[in-house]
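This report describes one protein chain for a reader who has not seen it before. The sequence and structure come first, and the description follows.

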Amino acid sequence: MTILQWDDAFLLGEPSLDQQHKVLVQLINELSTAMDTSAQEGPDSDFVLAELASHLYAHMDYEEQLFEDRGFSELLSHKLLHEKYRQIFHDLYLAFKDEDRPDKIQVLQKMVEWVENHIAKEDAKFKPYLS
Ligand SMILES: [Fe+2]
Ligand SMILES: [Fe+2]
């Protein structure tokens, strides 16, 4: 199930970042699909969670390094936002690992809102540093 629709408004104009954001959106959708226990095909949620964790952490490290290299003036506050992101992902991870948690979809929805908002509003502030 598509829980987060890719929007070209997310594009920053830096191919490496745009590609990483696309994969992030794709993995979130795969996780949403894996939650549907009636779906017979596709990877299970443990597998997608592990993929999402490694992609998300690598992306944030990559982004922070690139922002630092280009002298992005809001680097420190952006790093703090990423820290919040790690926390939200950690909550999501715990929710998916606990079979008794009934609120998985709500936690995933929170992550979706955060990702949308972060790419469209926060990562977008880096655009002027790309030329
Ligand atoms: Fe990003
Ligand atoms: Fe970011």
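Is the crossing of α3 and α4 left-handed or right-handed? In this predicted model, the crossing of these two helices, α3 and α4, is left-handed. Their axes lie 9 Å apart and the packing angle is about 160°. Because angles over 145 degrees count as roughly antiparallel, α3 is roughly antiparallel to α4. On the α3 side the contact is made by His78, Leu81, Tyr85, Ile88, Phe89, Asp91, Leu92, Ala95 and Phe96. The residues that α4 brings to the contact include Lys104, Val107, Leu108, Met111 and Trp114.

**The chain as a whole**

The protein chain has 4 helices and 0 strands, and its elements run α-α-α-α from the N terminus. Its radius of gyration is 15 Å, close to the 14 Å that the globule rule gives for 131 residues, so the chain is as compact as a globular protein of that length. Along the principal axes, the C-alpha atoms fill a box of roughly 45 × 25 × 20 Å. Of the 131 residues, 18% count as buried. Among contacts with a separation of 6 or more, 61% are between residues 24 or more positions apart.

| Helix | Residues |
|---|---|
| α1 | residues 15-35 |
| α2 | residues 45-69 |
| α3 | residues 75-97 |
| α4 | residues 104-122 |

**Helix α2**

Helix α2 has 25 residues, and at 1.5 Å a residue it should span 36 Å; its end C-alpha atoms are 36 Å apart, which agrees. The buried residues in α2 are Ser45, Val48, Leu49, Leu52, Leu56, Glu63 and Phe67. An α-helix has 3.6 residues a turn, so residues three or four places apart point the same way. What covers the buried residues of α2 includes α1 and α3. After α2 comes Gly71, which has a positive phi, near 70°.

**Trp114**

Trp114 lies in helix α4 and is one of the residues of α4 in the contact with α3. How many other C-beta atoms lie within 10 Å of Trp114? There are 16, so Trp114 is partly exposed; a residue would need 20 or more to count as buried. Not counting residues up to four places away in sequence, Trp114 touches Tyr85 and Ile88. Ile88 is 26 residues from Trp114 along the chain, and their C-alpha atoms are separated by 8.6 Å. Both Tyr85 and Ile88 belong to the α3 side of the contact.

How values were computed: Residues are numbered from 1 along each chain as its sequence is written. Chains are lettered from A and ligands numbered from 1 in the order in which they are written. This is a predicted model: local features need pLDDT of at least 70, side-chain atom pairs count only at pLDDT 80 or more; totals for chains, interfaces and linings use all residues. The radius of gyration is taken over C-alpha atoms; the globule rule is 2.2 Å times the number of residues to the power 0.38. A residue is buried if 20 or more other C-beta atoms lie within 10 Å of its own, exposed if 12 or fewer, and partly exposed in between; C-beta atoms are placed from the backbone. Two residues are in contact if their C-beta atoms, placed from the backbone, lie within 7 Å. The expected span of a helix is 1.5 Å times one less than its number of residues. Axes are lines fitted to C-alpha atoms, for helices over the stretch in contact, and angles run from 0 to 180 degrees between N-to-C directions. Angles under 35 degrees count as roughly parallel, over 145 as roughly antiparallel, 65 to 115 as roughly perpendicular and the rest as oblique. A crossing is left-handed if the near helix is turned anticlockwise from the far one by less than a right angle, and right-handed if clockwise.
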